[in-house]
Amino acid sequence: NTGPASIVFRYTAEDAHIVAGVYEGVSAPNGVRIKVIVDGKPVGSRAGKDVDANGYVTITDERLYNLVRDTNGVSTHTLELQVEDSGLKTCTFTFG
């Protein structure tokens with residue numbers, strides 16, 4: 001993407017992950033920052049292990065990032081990723 005952008009979809013799962021990286025040749029020395037929103041609100045207590053205390057994940061290397069970890073079990077939610085920087089290379093989403 002050329003930033004800013006959003007990805008929005010509904011899912012039914014306990015965990016939500018993204019496999020992503022940064023496109024080669026894109027100047028993103030600090031990675032690509034993404035705000036994680038669940039059901040219209042900051043991810044909060046549902047934050048996955050790769051999401052910081054402010055609700056952001058920073059994509060640096062091409063790998064799997066844990067976005068959501070819902071300890072209440074499997075349920076249906078709307079996930080919104082607000083991409084703030086250019087260069088995001090999204091490969092796939094996975095759920096568990």
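User: How many of the 96 residues count as buried here?
Analyst: Of the 96 residues in the chain, 39% count as buried. Buried means under 20% relative accessible area, exposed means over 50%, and partly exposed is in between, using a 1.4 Å probe and protein chains only. Keep in mind that this is a predicted model, where local features need pLDDT of at least 70, side-chain atom pairs count only at pLDDT 80 or more, and totals for chains, interfaces and linings use all residues. Residues are numbered from 1 along each chain as its sequence is written, and side-chain values use heavy atoms, with hydrogens and water left out.

User: OK, what's the secondary structure?
Analyst: The chain has zero helices and eight strands. Both are DSSP runs numbered from the N terminus: helices are H or I with at least four residues, strands are E with at least two.

User: And why call it as compact as a globular protein?
Analyst: Because its radius of gyration is 13 Å, close to the 12 Å that the globule rule gives for 96 residues. That radius is taken over C-alpha atoms, and the rule is 2.2 Å times the number of residues to the power 0.38. The C-alpha atoms fill a box of roughly 40 × 20 × 20 Å along the principal axes.

User: Which residues touch the most other members of the largest nonpolar core?
Analyst: That core has 20 residues, and I34, V36, V57, I59, L67, V68 and L79 touch the most other members. A nonpolar core is a set of buried Ala, Val, Leu, Ile, Met, Phe, Trp, Tyr and Cys residues joined through side-chain atoms within 4.5 Å.

User: Which strand gives the most to it?
Analyst: β3 does, with four residues.

User: Tell me about I34. Buried or exposed?
Analyst: I34 is buried, at a relative accessible area of 1%, and it lies in strand β3. Leaving aside neighbours within four places in sequence, its contacts include Y56, V57, I59 and L88. Contact means heavy atoms within 4.5 Å.

User: How far apart are I34 and Y56?
Analyst: They are 22 residues apart in sequence, but their C-alpha atoms are 5.4 Å apart in space.

User: What about L67, what's it in contact with?
Analyst: Beyond its neighbours within four places in sequence, L67 is in contact with A16, H17, I18 and V36, among others.

User: Switching topic: how many positive and negative side chains?
Analyst: There are 9 positive and 12 negative ones, and the centres of the two sets lie 5 Å apart. Lys and Arg count as positive and Asp and Glu as negative, while His and the chain ends are not counted. Each charge is placed at NZ of Lys, CZ of Arg, CG of Asp or CD of Glu.
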